[in-house]
Amino acid sequence: MNIVILSRNSQLYSTRRLIEEGENRGHEMEVIDPLKCDIIIEKEKPTIYYKDRYLDYVDAIIPRIGASVTFFGCAVVRQFEMMNVFTTVTSDAIIRSRDKLRSFQRLSKAGVGMPKTVFTNYSRDVEEVLNHVGGPPVIIKLLEGTQGLGVVLAESKNAAESVLEAFNGLQARALVQEFIAEAKGADLRALIVDGQVVGAMKRQSKEGEFRSNLHRGGQANLVRLTEDELKLAIKAARALKLPVCGVDMLQSRRGPLIMEVNSTPGLEGIEGATKKNIARAIITFIERNRR
């Protein structure tokens, strides 16, 4: 098959591993920068032009769309969908997962456990908002953020008020969530491929940091998920219609809670911690479904 990876950087670990495993299985692999694509729309003939050619030979795509280019990147994915090209993650699913409010609303309806969360329209009544989630300390998150950016721990009412005032002043919408103290700065990442957990790791934040993201200096180790954690991860992925994704969970006294679902998870941390070939699992997922 001709498989295209939509990525702005061919040297990233995840992109290189997908190329390697695809070529090992006899496929033609190509990296294309979605921002350099021209979307051509005409009656019954949707096409994409890239550099000096039309991309009418592509069998499947693997979107690796960064948060900063979600709009145009998803437009390119959508155009491939209009061309009947198989994609590991649909454009709608990427957009759905990138909006934290939208994704939490869907997860809530699906009966997925999560920290208590409040979203208001620039409310100035901070005390009322904090009461909804059990009082400080609280986590304040921008609606769209990645790798731990735009996530703040407010340990008091005054701190929460200052952060929300700053976000409101910038017209940046944010969620307020209860702080799960018993998680002790750690979370679980389950990697889903074709609706099944193919690898899991525990990420521990560095000393003095509450965010466990590897980009923030967190450490990753292999972990064996409990039955409840496996079921929750799979249920969350299904609720957001993401056959390939990373599901982040917190361990709490009332069981595992969903923290976030990432539609384009990195492979370096999970492959390093689990020693499993996640890239090959993604390629074989394409093979099964493209047929």
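**Figure 1. Strands S4 and S5 in the predicted model.** In this predicted model, strand S4 (residues 47-50) pairs with S5 in the antiparallel sense over 2 bridges. Tyr 50 stands opposite Arg 53 of S5. The open sheet to which these strands belong has 3 strands in the order S3-S4-S5, with antiparallel pairing. Strand S3 (37-40) and strand S5 (53-54) each have a single partner strand and stand at the edges, so one side of each is left without a neighbour in the sheet. Helix H2 (residues 70-82) packs on this sheet and touches S3 and S4. The direction of H2 makes about 50° with that of S3.

Figure 2. Arg 78 is placed in helix H2. With a relative accessible area of 33%, Arg 78 is partly exposed; the range for this class lies between 20% and 50%. Beyond its neighbours within four places in sequence, Arg 78 is in contact with Ser 91 and Ile 95. Arg 78 and Ser 91 are 13 residues apart in sequence, and their C-alpha atoms are 5.5 Å apart in space.

Figure 3. Strand S9 (residues 138-142) pairs with S10 in the antiparallel sense over 4 bridges, and Val 138 stands opposite Ala 154 in S10.

Figure 4. S12 and S13 form a hairpin with 2 residues between them. Asp 194, in the turn, has a positive phi of about 60°. Gln 204 stands opposite Gln 219 in S14.

**Figure 5. Helix H7 and the elements that cover it.** Helix H7 (residues 227-239) has 13 residues, which at 1.5 Å a residue should span 18 Å; its end C-alpha atoms are 18 Å apart, in agreement with that value. The buried residues of H7 are Glu 229, Leu 232, Ala 233, Ile 234, Ala 236, Ala 237 and Ala 239. Their cover includes helix H4 (100-109), together with strand S12 (186-193), strand S13 (196-204), strand S15 (244-252) and strand S16 (255-262). After H7 comes Lys 241, with a positive phi near 55°.

**Figure 6. The largest nonpolar core and the contacts of Ile 258.** In soluble globular proteins, nonpolar side chains tend to be buried together. The largest nonpolar core here has 66 residues. Those with the most contacts inside this core are Leu 6, Phe 80, Leu 107, Val 247, Met 249, Ile 258 and Val 261. Helix H9 (residues 278-290) gives the largest share of the core, 7 residues. Apart from its neighbours within four places in sequence, Ile 258 is in contact with Phe 104, Leu 107, Val 112, Gly 113, Met 114, Pro 115, Leu 232, Ala 236, Val 247, Asp 248 and Met 249. A second, separate core has 14 residues, including Val 118, Ile 140, Phe 167 and Ala 174.

**Figure 7. The buried side chain of Glu 271.** Glu 271 lies in helix H8 (residues 268-274). Its relative accessible area is 7%, so Glu 271 is buried, the limit being under 20%. The side chain of Glu 271 reaches the backbone nitrogen of Ile 278 at 3.0 Å and the backbone nitrogen of Ala 279 at 3.0 Å. Leaving aside neighbours within four places in sequence, Glu 271 is in contact with Tyr 13, Arg 17, Lys 276, Asn 277, Ile 278 and Ala 279.

How values were computed. Residues are numbered from 1 along each chain as its sequence is written. This is a predicted model: local features need pLDDT of at least 70, side-chain atom pairs count only at pLDDT 80 or more; totals for chains, interfaces and linings use all residues. Side-chain values use heavy atoms; hydrogens and water are left out. The expected span of a helix is 1.5 Å times one less than its number of residues. Buried means under 20% relative accessible area, exposed over 50%, partly exposed in between (1.4 Å probe, protein chains only). Contact means heavy atoms within 4.5 Å. A nonpolar core is a set of buried Ala, Val, Leu, Ile, Met, Phe, Trp, Tyr and Cys residues joined through side-chain atoms within 4.5 Å. A polar contact is a pair of N or O atoms within 3.5 Å; within protein, one must be able to donate a hydrogen and the other to accept it, and residues adjacent in sequence count only if both atoms are side-chain atoms. Two strands pair if DSSP finds at least two bridges between them. Axes are lines fitted to C-alpha atoms, for helices over the stretch in contact, and angles run from 0 to 180 degrees between N-to-C directions.
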